[in-house]
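Please keep the sequence and the coordinates at hand while reading.

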Amino acid sequence: PMTVIKNTKGKGLKRLIGLLKGMSESQVFVGVTKDTNARPDGGSNAVIGMTHEFGSARKGIPERSHLRATIVENGSKYSKMVAEDIPKAIKNGMSSYDAYSVFGTQAMNDVKFRIVSGSYTPLNPMTIKAKGSSKPLIDTGAYRNSITYRVDK
């Protein structure tokens, strides 16, 4: 294929600089945010998530990674989104905030899906009896519902 070069009087370069600037100005955070941390019982969703993500030998809770595992399982999808989909969306006129929000929504939903469908170390029989369910990471649904995303500029 032949490459065609034409003088756009800097318009293409300005658009590219704007695209790169828009991408570098935004960050996406997925997990429990300040706004979703508080629980009705006064507890902390972030503490619950961290305890299960890394485990707690002191409390007898094994590691049940749902954040890191989601990134590993979906790494190629996320890489494509960051390398191709987000730049294309911004190039086509979408704001960087909106483009990163699409990414955040996808990652948030992937984490919530992993919480519900992931394969985890089974709960202790005493825990199952106390909560009435054998599903790790799911009791009232408050923790899963606290998983969200935030786009920062």
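The points below go through the salt bridges of this model and then turn to one serine. The model is a predicted one, and the count of salt bridges in it comes to 8. Among them are the pairs Glu53 with Arg68, Arg114 with Glu73 and Asp110 with Lys77.

**Helix α2 to helix α3**

- Glu53 forms a salt bridge with Arg68, in which the closest N and O atoms lie 2.7 Å apart.
- This pair links distant parts of the chain, since Glu53 sits in helix α2, which covers residues 45-54, while Arg68 sits in helix α3, which covers residues 67-73, and the two are 15 residues apart.
- Glu53 has a relative accessible area of 2% and is therefore buried, because buried means a value under 20%.

**Helix α5 to helix α3**

- The side chains of Arg114 and Glu73 meet in a salt bridge with an N to O distance of 2.3 Å.
- Because Arg114 lies in helix α5, which spans residues 96-117, and Glu73 lies in helix α3, the pair ties together parts that are 41 residues apart in sequence.
- Arg114 has a relative accessibility of 14% and so counts as buried.

**Helix α5 to helix α4**

- Asp110 and Lys77 bring their side chains together in a salt bridge, with 2.9 Å from N to O.
- Here too the pair links distant parts of the chain, with Asp110 in helix α5 and Lys77 in helix α4, which runs over residues 75-91, and the two are 33 residues apart.
- Asp110 counts as buried because its relative accessibility is 12%, a value that falls under the 20% limit for buried residues.
- Lys77 is partly exposed, with a relative accessible area of 30%, as this class takes in values between the limits for buried and exposed residues.

**A serine in helix α5**

- Ser101 is found in helix α5, and its relative accessible area of 9% makes it buried.
- When residues up to four places away in sequence are not counted, Ser101 touches Tyr149 and Val151.

Technical notes:
Residues are numbered from 1 along each chain as its sequence is written. This is a predicted model: local features need pLDDT of at least 70, side-chain atom pairs count only at pLDDT 80 or more; totals for chains, interfaces and linings use all residues. Side-chain values use heavy atoms; hydrogens and water are left out. A salt bridge is a side-chain nitrogen of Lys or Arg within 4 Å of a carboxyl oxygen of Asp or Glu. Helices (H or I, at least four residues) and strands (E, at least two) are DSSP runs, numbered from the N terminus. Buried means under 20% relative accessible area, exposed over 50%, partly exposed in between (1.4 Å probe, protein chains only). Contact means heavy atoms within 4.5 Å.
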